[in-house]
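User: I have a model open and would like to go through it piece by piece. Can you take my questions as they come?

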Amino acid sequence: MNYELTYRPADTSGDILPVLSAADLLTGIRAETQLIRDRLNLLTGDWWENPEWGNGILELLRESRLTETDRQILANYLSDYIRKTPGVVDVREVKCSFEGGQFRYECTVDTGAGTARISYG
């Protein structure tokens, strides 16, 4: 079954923008990357209706301090989480870093609609 994802647009803060017509909806790679970003930003427990849904990175971070070993564990977790997004074919070119106590994750995502660079952190 082949389908094209349509998705509501959001601003840089993640707030959903109004849609006045179907032409305002995101499609193609823009829709796919917005879905990935929304999934990354939905943390486990954030959605009252399905509290088990969401990105569990905070749970992983609560278990220990950020070390070099944790960096690979977090990168693997986020890559696997992104791969579970509908439409994602592959996650590659993963880069992870800790800078000033902040964790940063970047990757290239291949979807049925194209390729995009994703950043999280």
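User: Let's start with Glu93. Is it buried, exposed or partly exposed, and why?
Analyst: Glu93 counts as partly exposed because its relative accessibility is 49%, and the cut-off for exposed is over 50%. Bear in mind that this is a predicted model.

User: Where does Glu93 lie?
Analyst: Glu93 is part of strand 3.

User: What about the phi of Glu93?
Analyst: The phi of Glu93 is positive, about 50°, although Glu93 is not a glycine. Most residues other than glycine have a negative phi.

User: Which strand does strand 3 pair with, and in what sense?
Analyst: Strand 3 pairs with strand 4 in the antiparallel sense, over nine bridges. As for individual partners in strand 4, Arg92 is bridged to Thr108 and Cys96 to Tyr105.

User: How many residues sit between strand 3 and strand 4?
Analyst: Two residues, and the two strands form a hairpin. Gly100 in that turn has a positive phi of about 60°.

User: How many residues of strand 4 are buried?
Analyst: Seven of the 10 residues in strand 4 are buried, so that strand is mostly covered.

User: Let me back up. What is the overall make-up of the chain?
Analyst: The protein chain has three helices and five strands. Their order from the N terminus is β-β-α-α-α-β-β-β. The C-alpha trace spans about 45 × 30 × 30 Å along its principal axes.

User: How much of the chain is buried?
Analyst: 32% of the 121 residues count as buried.

User: And what share of the contacts joins residues at least 24 apart?
Analyst: 37%, taken among contacts between residues at least 6 apart in sequence.

User: Which residues of helix 1 are buried?
Analyst: The buried ones are Gly28, Ala31, Glu32, Thr33, Gln34, Leu35, Ile36 and Leu40.

User: What do the buried residues of helix 1 pack against?
Analyst: They pack against strand 1 (6-7), strand 2 (26-27), helix 3 (68-83), strand 3 (88-99), strand 4 (102-111) and strand 5 (114-120).

User: How does the lining divide into nonpolar, polar and charged?
Analyst: The lining of the largest pocket has four nonpolar, six polar and three charged residues.

User: Last one: Pro9. Where does it lie?
Analyst: Pro9 lies in the loop between strand 1 and strand 2.

User: Is Pro9 buried or exposed?
Analyst: Pro9 counts as buried because its relative accessibility is 11%, and the cut-off for buried is under 20%.

User: What is Pro9 in contact with?
Analyst: Setting aside neighbours within four places in sequence, Pro9 is in contact with Asp15, Ile16, Leu17, Val19, Asp24, Leu25 and Leu26.

User: And what separates Pro9 from Glu52?
Analyst: Pro9 and Glu52 are 43 residues apart along the chain, and their C-alpha atoms are separated by 25 Å.

Definitions and conventions. Residues numbered from 1 in each chain as written. Predicted model: local features only at pLDDT ≥ 70, side-chain atom pairs only at ≥ 80, totals over all residues. Heavy atoms only, no water. Buried < 20%, exposed > 50% of the residue type's maximum accessible area, 1.4 Å probe, protein only. Helix = DSSP H or I, 4+ residues; strand = E, 2+ residues; numbered from the N terminus. Contact = heavy atoms within 4.5 Å. Nonpolar A, V, L, I, M, F, W, Y, C, P; charged D, E, K, R; others polar. Pairing = 2+ DSSP bridges.
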